[in-house]
Amino acid sequence: MPLQQGSVRTRQRTVLLVGIVVLLAALVLAVVLASLLTHGRHEVSPQMLKWKDRGTTKNLQEVILGRCYNYITAEYPELGDKDCLKIWESLKDAFIYKNPCNITAEDYQPLMELASHPIPCNKSLFWSKTSDLAHRYTKSNQNFLTLEDTLLGYMADRISWCGDPSAPGINYESCPKRSECESNPGSVFWKMASKMFAEAACGVVQVMLNGSIEAGAFRSSSIFGSIEVFNLNPDKVSEVHIWLMQDIGGPQSESCSGRSIQRLISILEERNFKIICEDNYRPVQLLQCVHNPDHTDCRLCTNST
Amino acid sequence: KWKGEGTTRNLENIVIGRCYDYIRIVNPAVGEKNCSQIWEAFKNAFINKDPCNILPKDYELFINLSLHTIPPNKSLFWENNQLLVNSFADRGRRYMSVGDTLFGFFGDFLNWCGQADSPGLDYESCPTTKECENNAVESFWRMASITYAQHSSGVIHVLLNGSAEGGAYPQPGFFADYEIPNLQKDKISQIVIWVVDDIEGPDIDSCGIHSVKILETRLKTLGYDVICTDNNKSVMFLLCLD
């Protein structure tokens with residue numbers, strides 16, 4: 001009888017052991033399966049290159065198309081007919097499926113040709129380190145146009161895009177910073193658009209610079225200093241008016257007599273442009289005064305304004 | 001057929017683009033919205049119907065899909081000074097006027113109407129409000145104004161034009177008929193009225209007189225804490241720019 005009891009207990013122990021092993025195996029299988037499934041869901045495009053800047057703006061196509069139609073229909077209908085669909089396609093073709101560090105001017109040539117339009121004389125407003133102020137000014141005063149008020153700039157403002165050799169060809173996760181590679185889709189675009197904007201300028205042109213930054217109001221490394229200045233056409237442009245704006249109550253780092261401004265003036269004079277420089281051009285200063293109405297620099301407009 | 005301008009060309013592309021522009025760039029804080037669905041709801045409010053029989057509640061689904069929070073203390077109501085308000089509000093950064101909300105941004109400066117017994121938009125002409133009040137655009141803005149007022153809170157601002165013929169506070173008017181009646185008293189701490197004259201324009205109205213006095217009295221009777229200022233300096237600077 002003790003032998004029989006022993007064999008029953010052995011069988012029970014075996015069953016228990018087998019049961020535990022089966023349970024463990026099932027657990028391991030479940031864990032492996034779960035990690036595989038979730039791993040697949042998080043890694044959207046495991047082969048896409050990874051960069052340091054924000055990725056392509058979501059719904060890029062809808063935004064670009066909408067802005068294009070809005071511009072030609074509601075903002076500047078005098079432009080006539082532009083084919084917005086073609087314009088979008090040419091933008092997409094410039095970067096889709098390409099390595100975003102290998103973008104060239106040729107990639108954007110079709111887009112530039114389709115979307116460029118003439119700029120009325122005396123209206124071009126260039127800017128450097130004064131983006132917010134310059135754009136608020138052109139929104140309140142339709143007599144001036146920045147690059148971002150032209151069709152190309154209007155479509156691309158505050159948007160980012162870049163491609164990748166692997167599907168779907170557009171990288172929504174990240175895009176290269178300039179420090180990672182210079183020939184990235186955004187930088188090449190803005191350099192080309194700026195060059196064309198400068199080439200198209202005629203008559204008197206204006207430039208708004210920042211007299212409150214330590215590094216100097218005019219910098220050769222800026223797009224204005226490296227591209228726009230050198231693409232103004234002396235046969236079309238007669239004068240350059242510099243508006244040197246200092247922050248209200250801010251540091252007065254530079255004025256029209258400052259060193260970097262003198263350098264800019266000599267570069268421009270060498271190219272036969274007439275220069276006028278004005279410290280704190282009053283109409284633009286009034287715009288600054290909206291946020292600082294009680295500052296001594298902000299006396300209410302009088303007839304002499 | 002009608003006396004007003006027809007539907008804006010490329011309306012669908014423009015408004016869908018604006019919707020995505022708003023949620024991706026202008027104000028991403030509103031979160032994810034289905035812009036195609038919003039367009040469908042908008043369109044269904046007025047297509048295939050008599051263009052003189054469109055009511056504000058026809059836009060209810062559109063509003064429900066595009067609604068988002070309006071931050072407290074940022075509401076800016078206005079009459080007779082739309083361009084000034086746009087400058088002053090700075091695309092929602094200083095203030096959020098109705099045109100800076102998703103539903104307002106969607107339709108600002110555009111025109112649209114449909115026709116009975118046809119799913120198409122009428123690009124030739126649309127009825128003016130004089131021809132019939134219950135037209136697609138008028139009802140849109142009535143609904144937008146109602147909604148905007150209902151979701152405003154904290155200190156609210158009203159910018160009025162002191163040089164406007166007929167008075168700074170127009171009656172009838174959007175503010176009088178659709179916004180004031182829909183303000184939520186328990187969510188509003190104060191109403192600040194700014195009356196601003198055009199530069200070198202006539203000083204027809206000011207705080208405490210004529211139509212502005214009527215407005216102040218009405219709001220105080222309703223139980224609001226009301227302040228009124230003439231020619232607010234910040235706003236004056238914007239006017240000087242022209």
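Biologist: How many residue pairs are in polar contact between chain A and chain B?

Modeller: The count is seven residue pairs, both residues at pLDDT 80 or more. A polar contact is a pair of N or O atoms within 3.5 Å; within protein, one must be able to donate a hydrogen and the other to accept it, and residues adjacent in sequence count only if both atoms are side-chain atoms. This is a predicted model, in which local features need pLDDT of at least 70 and side-chain atom pairs count only at pLDDT 80 or more, while totals for chains, interfaces and linings use all residues. Residues are numbered from 1 along each chain as its sequence is written, chains are lettered from A in the order in which they are written, and side-chain values use heavy atoms, without hydrogens and water.

Biologist: Why is the pair A:Asp294 and B:Lys233 called a salt bridge?

Modeller: A salt bridge requires a side-chain nitrogen of Lys or Arg within 4 Å of a carboxyl oxygen of Asp or Glu. The closest N and O atoms of A:Asp294 and B:Lys233 are 3.6 Å apart, so the pair meets the rule.

Biologist: What makes the two chains count as being in contact?

Modeller: Contact means heavy atoms within 4.5 Å. By that rule, 31 residues of chain A are in contact with 27 residues of chain B.

Biologist: How do you know how confident the predictor is in chain B?

Modeller: Its confidence in each residue is given by pLDDT, from 0 to 100. Chain B has a mean pLDDT of 95, and 100% of its residues reach 70 or more. The model scores ipTM 0.92 and pTM 0.87.
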